[in-house]
Protein chains: 2
Amino acid sequence: MRDFSPSEMVKRQYIFETIKKVYNRFGYQPIETPAMENTETLLGKYGDEGDKLLFRVLDNGNPLNQITSAELAARFGASLFDSAAFVNHISGKGLRYDLTVPFARYVVMHQNDITFPFKRYQIQPVWRADRPQKGRYREFYQCDADVIGSNSLLNEFELIQMIDEVFTALGLKVLIQLNNRKILQGIAEYIGETEKIIEITVAIDKLDKIGLDQVNNELRSKGISETAIEKLQPVIQLKGTTTEKINALKNILAQSPVGLKGIEELTYIFDLLQQLPLQSAQYELELTLARGLNYYTGAIIEVKVNDLRTDFSSSVLGGGRYDDLTGIFGLPNVSGVGISFGADRIYDVLNALNLFPENVAATTKLLFVNFGSNEEKYCLQLLGKIRKLGITAELFPEAAKMKKQMGYADAKKIPFVAIIGDEEIKSQTITLKNMTTGMQDKVDFETLVQQLS
Amino acid sequence: MRDFSPSEMVKRQYIFETIKKVYNRFGYQPIETPAMENTETLLGKYGDEGDKLLFRVLDNGNPLNQITSAELAARFGASLFDSAAFVNHISGKGLRYDLTVPFARYVVMHQNDITFPFKRYQIQPVWRADRPQKGRYREFYQCDADVIGSNSLLNEFELIQMIDEVFTALGLKVLIQLNNRKILQGIAEYIGETEKIIEITVAIDKLDKIGLDQVNNELRSKGISETAIEKLQPVIQLKGTTTEKINALKNILAQSPVGLKGIEELTYIFDLLQQLPLQSAQYELELTLARGLNYYTGAIIEVKVNDLRTDFSSSVLGGGRYDDLTGIFGLPNVSGVGISFGADRIYDVLNALNLFPENVAATTKLLFVNFGSNEEKYCLQLLGKIRKLGITAELFPEAAKMKKQMGYADAKKIPFVAIIGDEEIKSQTITLKNMTTGMQDKVDFETLVQQLS
């Protein structure tokens, strides 16, 4: 887990603020949920692996008080922590693992106060007891936007517009990859392996990484027939423009109603994208895209960095449509679609490509040097006026050595320093030092303000 | 623990943004620390009561794996949860209880990267396993600003200016109460009970609530002599203006160097406050103010609401100077001073006094009614233009019944609705409905933009 220093924080805030501004402009509204959820809310939602990665919070008030070790053994068996019942006995809460499950719980719990379609965003940390490794953290922020209670594909289109707006504002070139679960289902039907859709998509999802031969080997190992694998080859190797791919798929999936429905959905989105072009993001149909398949039922969205100066290959955003997220909490048939920006990865890429704006690091604009109590009071007057104008300014809090005060300005990347001694007070001027050029000048108050604005 | 709905979130964000803006303008820089800290960092810092209120996080990877109940009994005794050793064995981490201790840990850990004086702010949730009650939550935000590494009283003065700026911006009338630990120490010396300073201040801190007789009874019960109690009476009943109180104290504490030092410190601050008046906050010397005394060594600050329309008596801010916060983590003699806004209480007061600005609740400015795919595409064009101007606008995602769409605008408090059907498309106009007045008008695009701006 990490501390964030001021210089990291201002960059992180810049990313969050950019995302927030776009979410707001599209009418998404913020919510927050508590860090801790009841164990029942969290368990069983992220697969066995996910359950293991949950951080569990010990119940307060001594849940084992007065229980002797002998009684424990009788109730939970000899090896306590192998017993899920034991862990559940001492821990009724866990830290949230993502923002989606708490959101689903929120929607069900507050359904009578919510006007649907409900467009919400949520920017909060989540916790996973992962082994720490490069680019993976045990505490990290998720930045989710979801619409719930609307089947309209317009939502998918707007989410894509939002992705484009955010990455355009950040100056990061990206490729938006789109797919549709229904097409994957159609393909599974077409090759005669309807039941094996998950195994098939998990395998072809790896095409980029392990190559075609290994994908086919994996398919074999999962019990997919040779005939099916053969039928699959031209499909996963489909080349050409999006239009060409879609036309080819129309033929291949002609007998699969669900597959054709998937094509229809994608076509609607691609048509809109042609009529209302994005600002900077590229997009493509990517048939091997299968992320979170257990979960998504329609659109699948992933965004990759599209800049030759970096080989950063992880996705910086994921998303898709899910038809029954709230069903597990007793509210069935509510369809939703959402996206989640990977803020930590975006941070790493912007840093590597030097895309953070210069001025994001500068917090204080002007430092007044402190020469003692007389000068201090004079400076405080000016300081008040400058801050009133919305300019961030500081007076060094004590009459330390000049070197120390200038070092402070340097370390804090303060671009201007005001030096006011006896002489300046008499002549009502300010000696202003530009810390970038090193030049210094006697100016009056108006000129000072002009220089800072 | 609480969910925050959009209407609560926008109000909360308004408070946080107001505080943040002031913190930034005074040159304070943001940091963040992780939700979880090592148990050793947290334990023993908040007294016995605080230790009990820590949320402990279960170690992952089965810390009791393979340990039989019999072995447990041998190692930790029969009644497991009575054994702190047992709890420490299964939990090496806890959720942060405040922002001060993590900040101290941060300063020590990063001391070589920090330029002192270090002015940092931190706005993050903290967790306490308190019994939930009105106005007390198990998860709540703290909004702290501290300067560390500077003894200058200018910091105290600037913190008071910041308090004034924040509450002036929020439109909340407050009374800033000031005291100084050194004066309390001087008083304890004066009455001949130097060692009992904590007991004395804990007792006189209750003067407002329990009255003078009860305070004296408490003093007696703590073993304070009758002579001392008698000597204390005129001191705790000091009346008059701040200047009158200070002059009286100068006489009373004439023999106490530490007491005089406290008076000198307060005088410096009160003098500056007279020369550079605050905008709206009142201030006073409050000799019975003693909060967090174990901890504060100089200035003590507390803020109360000062509005006759409410009897809200809890403090909305606390703060003070501590001379050795980082000593416990191995970096002695670093003095700091800081304040912490109680955002939840401020929220409750602003709500009760109806002080949130009207427009804080309005997120989306304009809703386009959706009549079907033709109109949809036309609206999308306009929507893009409007959003480009920075105006928050939405298109209802499906061609639902008019009543549903208008209901959506109502529930979301959207002030304007654009109705665009065949006719409007032909005439290149927009039927604009003002949801506040109910009036509707045919306008062109420029007029629409004007109305929204």
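This is a predicted model: local features need pLDDT of at least 70, side-chain atom pairs count only at pLDDT 80 or more; totals for chains, interfaces and linings use all residues.
Local features are reported only at pLDDT of at least 70 and side-chain atom pairs only at pLDDT 80 or more, whereas totals for chains, interfaces and linings use all residues. Residues are numbered from 1 along each chain as its sequence is written, chains are lettered from A and ligands numbered from 1 in the order in which they are written, and side-chain values use heavy atoms, with hydrogens and water left out.

In general, two copies of a chain are related by a rotation about an axis and a shift along it.

Helices and strands are DSSP runs, numbered from the N terminus (H or I over at least four residues for helices, E over at least two for strands). Helix α1 of chain A, covering residues 6-25, comprises 20 residues and reaches 28 Å from its first C-alpha to its last, close to the expected 28 Å, a span taken as 1.5 Å times one less than the number of residues. Just after this helix, A:Gly27 adopts a positive phi of about 85°.

Also in chain A, five strands form an open sheet of mixed pairing, in the order β13-β12-β14-β15-β16, where two strands count as paired if DSSP finds at least two bridges between them. Its edge strands, each pairing on one side only, are β13 (393-395) and β16 (440-443), and the twist averages 25° from one strand to the next. Strand β12 (residues 366-368) runs parallel to β13 and is joined to it by three bridges; A:Leu367 has A:Glu394 as its bridge partner in β13.

Over all chains, 40 salt bridges are found, each defined as a side-chain nitrogen of Lys or Arg within 4 Å of a carboxyl oxygen of Asp or Glu. A network of such bridges links A:Lys119 and A:Glu158 with B:Arg387, B:Glu394 and B:Lys412. Within helix α1 (residues 6-25) of chain B, B:Lys20 and B:Glu17 lie three residues apart, about one turn of the helix, and their side chains meet in a salt bridge of 3.6 Å, N to O. Accessibility is classed as buried under 20% relative accessible area, exposed over 50% and partly exposed in between (1.4 Å probe, protein chains only); B:Lys20 is buried at 16%, whereas B:Glu17 is partly exposed at 32%. A further salt bridge joins B:Asp130 to B:Arg136 (3.5 Å, N to O), with B:Asp130 buried at 15% and B:Arg136 partly exposed at 42%.

B:Val349, located in helix α14 (residues 343-352) of chain B, is buried at 1% relative accessibility. Apart from neighbours within four places in sequence, B:Val349 is in contact with B:Leu172, B:Val305 and B:Phe312, contact meaning heavy atoms within 4.5 Å. The C-alpha atoms of B:Val349 and B:Val316 are 9.1 Å apart, although 33 residues separate the two along the chain.

Methods:
Axes are lines fitted to C-alpha atoms, for helices over the stretch in contact, and angles run from 0 to 180 degrees between N-to-C directions.
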